[in-house]
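Dear colleague,

Please find the structure handed over below. A written account of the findings follows directly after it.

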Amino acid sequence: MIDLVQIEKHFEGQVVVHPLSLNIEEGEFLTLLGPSGCGKTTILRMIAGFETPTHGDVVLAGQKVTNLPPNQRDLNLVFQHYALFPHMTVEENIAFGLKMKKMPKPEQKKRIEEAVAMTQLTALTSRYPHQLSGGQQQRVAIARAIANKPKVLLLDEPLGALDLQLRKNLQSELKHLQRSLGITFVYVTHDQEEAMMLSDRIVILNNGKVEQVGTPREIYATPKTLFAATFVGENNIFSSAQGLFAVRPEKLRPVRELEQARVTGVIQDVLYLGNVHKLTVHLDHEPMAVTIALDFTDERPWQIGEKIGVNWSPKDEVVIGA
Amino acid sequence: MRKSKFLMIPVLLWMALFLLIPMIIVVVISFMNRDTLGNVVFGFSLTGYKTFFDSLYLGIYWDTLVLSVVTTVICLLVSYPLAYYIANAAPKIQTWGLVLITIPFWINFLIRTYAWVLLLRTQGIVNSLLLHFGWIQDPVQMLYTKGAVLLGMVYNFIPFMVLPIYVALEQMDKRLLDAASDLGATRWKAFRHITLPQSKSGIMTGCVLVYVSTTGMFVVTDILGGAKSMMISNIIQSQYLGARNWPFGSALSVIFVITSLILILLFNRAMQSKADRVKEGSA
């Protein structure tokens, strides 16, 4: 659906996005994940047409759109701060894109009805943005975009300004919406949990470079780089003669028989989180701490200051590049 | 709540002292008579208002309205593109633009208006240049015409229009234009449907400021219009200072204040959208 062909972006001599090639499938939920300043929003804006790549091409549905302005691209963007038109009602906001396409009125009405039904805004169509809560404004932003039935929907941290509970609700709504619409979603976020939950595929970005592309499962189970290993989920990084390897906290097992353990250390902290508890263990022979996650079946009493051994199976070691 | 009410008292006193009481005095005097020496004589009379319904004064009244409205419209047409350019320029150009617009205020406006006399009079710079290049054979009468008055008014009040529009445009969320473009709007349509409505408050403020200032201005008419093109404010001034007919001057003031109020209300009504009414209702 979208092909990014060796696109790169420079701002005032600084490379913001290093050459990047990516093929986004039709109907896919793809997430660009990375810390702030990693270039993810710039990539999204290049797809939308607000930025022109310094080199490379953007191909949308087989057509080269690199130099087309946003108003001539068959995709829509949900803005981070919604960018709703304050002087228009919810209905007028949603109708705006349809009006610009000179769609006949009855057709417009049908599209608006569909969009508000899908975003649960039916009761609010005559309200103005300032009369809506943050979550409702977010829904209007999504409705305004999907009413155009774009080939691709781009979302720039759409849930960033909302509180946690609302975010969780909207996350599942978004996923549901994407499945029922069947259109391609390109999603930008810095929240790795959100990315894991929503995406078919995740692109991890750091300093304008792609660290890894893969399904949430691949990213979690077999991170390729140190950044990917530590940015998504918790991880323990060990070094060996061959290089670095990572072991997830839930793959580590604490043992009281020190002579059978691969490493030993002292418990620094015990965190009880309900379904799991976590031990932080300061290692004896390396200047680092590891985290061990234990599920609810483990009822052994762990004490802070206790000396324990840590074991793991070699198959759970994930070798990572530098 | 109680405390905030007390805090209002100084403001209310100030308003009463400098706004309400003078207004009341003007209204009261407008219903009085005067003696032959020009002193105000107490006692109810409608003489001031009756004098107004003379074709001479009605004509001037009409001319004043037309001139004020035309001045406002021309100011708007000139100022909007200027304000738009400044608001969208680089920060450095913005600062310079605003400084250039306010610089004329540093010079007394009487002097600025006299400068126009030097430019426009028969032996003035404009005529000399036109004669020099052979575009005209005889000097054109530019000074002491309605055109000169209009020019002087527009020149003096452009900043009153530029600044409020600039503020409105500057405060507008520019991301709205990205959103409009994303939804398929061309630059012109984004301007028409987003920028223009978003700058409406500035347009309204600017129009009212320019209109009110023009109706009250008598110096420009005196200097650039000569005796011929008088405005209502010139008559009010002469009734107070020259003719010493305070009741008539007051009656004219009252009539014009009421006219202006009605015009401004109608203007606001026309400019107000559904969105504004909702906003007022919920506030």
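What share of the 322 residues in chain A is buried? Buried residues make up 52% of them, where buried means under 20% relative accessible area, exposed means over 50%, and partly exposed covers the range in between (1.4 Å probe, protein chains only).

Two points on conventions come before the details. This is a predicted model, in which local features need pLDDT of at least 70, side-chain atom pairs count only at pLDDT 80 or more, and totals for chains, interfaces and linings use all residues. Residues are numbered from 1 along each chain as its sequence is written, chains are lettered from A and ligands numbered from 1 in the order in which they are written, and side-chain values use heavy atoms, with hydrogens and water left out.

The two chains

Chain A contains 8 helices and 18 strands; helices (H or I, at least four residues) and strands (E, at least two) are DSSP runs, numbered from the N terminus. Along the principal axes, the C-alpha atoms of chain A occupy a box of roughly 80 × 45 × 30 Å. Its accessible surface is about 15000 Å², with 51% supplied by carbon and sulfur atoms; such areas come from the Shrake-Rupley method with a 1.4 Å probe, and for residues only the protein chains shown count as cover. Of the contacts in chain A between residues at least 6 apart in sequence, 62% join residues at least 24 apart, a contact being heavy atoms within 4.5 Å. Chain A carries 34 positive and 37 negative charges, whose mean positions are 7 Å apart. Here Lys and Arg count as positive and Asp and Glu as negative, while His and the chain ends are not counted; the place of a charge is NZ of Lys, CZ of Arg, CG of Asp or CD of Glu.

Chain B has 14 helices and 2 strands, and 39% of its 283 residues count as buried. Its C-alpha atoms fill a box of roughly 75 × 75 × 35 Å along the principal axes. The accessible surface of chain B is about 16500 Å², and 73% of that belongs to carbon and sulfur atoms. In chain B, 68% of the contacts with a separation of 6 or more are between residues 24 or more positions apart. There are 21 positive and 11 negative side chains in chain B, and the centres of the two sets lie 6 Å apart.

Two sheets in chain A

In chain A, 4 strands make an open antiparallel sheet in the order β2-β1-β4-β5, where two strands pair if DSSP finds at least two bridges between them. At its edges are β2 (14-24) and β5 of chain A, each pairing on one side only. Helix α1 (residues 40-48) of chain A packs on this sheet, touching β1, β2 and β4 of chain A, and its direction makes about 120 degrees with that of β1(A). Axes are lines fitted to C-alpha atoms, for helices over the stretch in contact, and angles run from 0 to 180 degrees between N-to-C directions.

Within this sheet, β1 (residues 2-11) and β4 (residues 55-60) of chain A run antiparallel and are joined by 5 bridges, with A:L4 opposite A:V58. Strands β4(A) and β5(A) (residues 63-64) pair over 2 bridges; A:V59 is the bridge partner of A:K64, and A:L60 stands opposite A:Q63. The hairpin of β4(A) and β5(A) has 2 residues between the strands, and A:A61 takes a positive phi near 50 degrees there.

A further open sheet of chain A has 3 strands in the order β11-β12-β18, with antiparallel pairing. Its edge strands, β11 (236-240) and β18 (318-320) of chain A, each have a single partner strand, so one side of each is left without a neighbour in the sheet. The twist averages 35 degrees from one strand to the next. Between β11(A) and β12(A) (residues 243-247) there are 5 bridges, and A:I237 stands opposite A:A246.

Individual sites

A:T280 lies in β15 (residues 276-283) of chain A and is buried, at 18% relative accessible area. Beyond residues up to four places away in sequence, A:T280 touches several residues, including A:V266 and A:V290.

A:K307, in β17 (residues 307-311) of chain A, is partly exposed at 43% relative accessibility. Its C-alpha atom is 8.3 Å from that of A:L258, 49 residues away along the chain.

In chain B, the buried residues of helix α12 (residues 232-241) include B:I232, B:I235 and B:I236. The buried residues of α12(B) pack against α3 (55-88), α10 (200-216), α11 (219-225) and α13 (246-271) of chain B.

With kind regards
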